[in-house]
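Visitor: I would like to learn how to read the place where two chains meet. Please take one feature at a time.

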There are 2 protein chains.
Amino acid sequence: MDFNLRKAQKKDSVAILKLIEELAVFEKEPDAVELTKEDIERDGFGENPLFTCFVAEVNKQVQGMALCYFRYSTWKGKTVHLEDLIIRESYRNKGLGKALYKRVMEFALENKVKRVEWVVLDWNINAVNFYKNSGATVFEEWNTVQFSDDAIRQFLQ
Amino acid sequence: MDFNLRKAQKKDSVAILKLIEELAVFEKEPDAVELTKEDIERDGFGENPLFTCFVAEVNKQVQGMALCYFRYSTWKGKTVHLEDLIIRESYRNKGLGKALYKRVMEFALENKVKRVEWVVLDWNINAVNFYKNSGATVFEEWNTVQFSDDAIRQFLQ
C-alpha cells in the first residue's frame, strides 16, 4: 500500500483525536479521553508545542500517527518518550506502523538522545513482539504508577 | 528530625548527582549513570530547564530530592512525571520522603495538571505500599520499553 509520512500540522488535529479515541477503545478505556480538538491545536501546534507528531497518510487521509515528546532521565539525560503509535484498524499490517516507528527513532537520533522510552500493555502480544524484534527491551519489573488530580487533592487534605 | 524543603539551585548539582548515583546502586544498576555535574547544571538550571527539582536539607546539607518534569498524555493533556524521589539511606523514615512527595503533588496542582505519573520496581515493596496508601494506583500490566541509541542505530541500518 502506498502511503506518505509527514510531520503533523494543526489541520490534522481532528484526525489525531479520532485515532487517540480509537486506541482508548482498544485499550479498554473508551471514556478515558478528556482531550479535545482545541487542546491538540494549542498543545501541539501553538507557540510552545508540548509534543511532536508524525502522521501516515493514504490517499491524503490520515490513517496513522506517532506522538512523542522529550523527557529527562537522571541516568541518560534528555530522552524521547513515544506516547502513542496508532494505526487505524483497517490499515494495520501494511507497513504504516513500522514506518512511523522508524521515523520516531530517526527523530530521536536527530535530537541526539541516548534513549527512546514508552510503555506497552503486557497482553498486547503483537506490540510486545514487534518491539522486542526491533531490538528494544521490555522491562516487566517496572510498573507504572498514576495519581489523579482528584486523588492528590484528597491526599493533601 | 528537623529538615527544610526548597527548590534546588545550581549549587546543588553535586549533591543531586550523588543522590542519583546512590539510587542507581539501590536499583542494582551502579554503572548506569552517565549524567555529569555539568549536565545537571545545564539541563536543570540553564535557560531552558528540562526538569524541576526539590531538595530536603538537614543542617543545610542536601539529604534528599525529588526531580520531576512535564509530560503529555493524549488522554489527559499536560501531566507531571516524577522521575526520582531519593532520600540518602541514613535519613530514611524520618519524614523527608513524604514531605518531598507532597511537595511534588502540590507542584502538580499548582500547574493544574490532571495526573502525576511515575514508575516503580515491583520488588520495591516499601515504595509500592507507600504509593498505594497515599491513593495512587499501580498498573502492573503496563510495562516499560526502552530502546537505546546504539540499538536504534542497528535497527535503522
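Visitor: How many bridges join strand 6 of chain A to strand 6 of chain B, and do the strands run parallel or antiparallel?

Guide: Keep in mind that this is a predicted model. Strand 6 of chain A and strand 6 of chain B, residues 137–148 in chain B, run antiparallel and are joined by 7 bridges. One pairing to look up is Gln146(A), whose bridge partner in strand 6 of chain B is Thr137(B).

Visitor: What does one look at for the size of an interface?

Guide: Often the size is given as the accessible area that is lost when the parts come together. Here, chain A and chain B bury about 6600 Å² between them, and 60% of it lies on carbon and sulfur atoms. On the side of chain A, Tyr72(A), Trp75(A) and Trp142(A) lose the most area to chain B, together 15% of what that side buries.

Visitor: How many residues of each chain are in contact?

Guide: Contact involves 64 residues of chain A and 64 residues of chain B.

Visitor: How many salt bridges and polar contacts link the chains?

Guide: Across the interface the rule finds 6 salt bridges. One of them is between Lys114(B) and Glu34(A), with the closest N and O atoms 3.2 Å apart. Polar contacts between chain A and chain B number 36 residue pairs. Strand 6 of chain A, residues 137–148, gives the largest share of the side that touches chain B, 12 residues. That side of chain A divides into 32 nonpolar, 11 polar and 21 charged residues.

Visitor: How are two copies of a chain related?

Guide: By a rotation about an axis and a shift along it.

Definitions and conventions. Residues are numbered from 1 along each chain as its sequence is written. Chains are lettered from A and ligands numbered from 1 in the order in which they are written. This is a predicted model: local features need pLDDT of at least 70, side-chain atom pairs count only at pLDDT 80 or more; totals for chains, interfaces and linings use all residues. Side-chain values use heavy atoms; hydrogens and water are left out. Contact means heavy atoms within 4.5 Å. Buried area is the accessible area (1.4 Å probe) that two parts lose on being put together, summed over both. A salt bridge is a side-chain nitrogen of Lys or Arg within 4 Å of a carboxyl oxygen of Asp or Glu. A polar contact is a pair of N or O atoms within 3.5 Å; within protein, one must be able to donate a hydrogen and the other to accept it, and residues adjacent in sequence count only if both atoms are side-chain atoms. Helices (H or I, at least four residues) and strands (E, at least two) are DSSP runs, numbered from the N terminus. Ala, Val, Leu, Ile, Met, Phe, Trp, Tyr, Cys and Pro count as nonpolar, Asp, Glu, Lys and Arg as charged, and the others, Gly among them, as polar. Two strands pair if DSSP finds at least two bridges between them.
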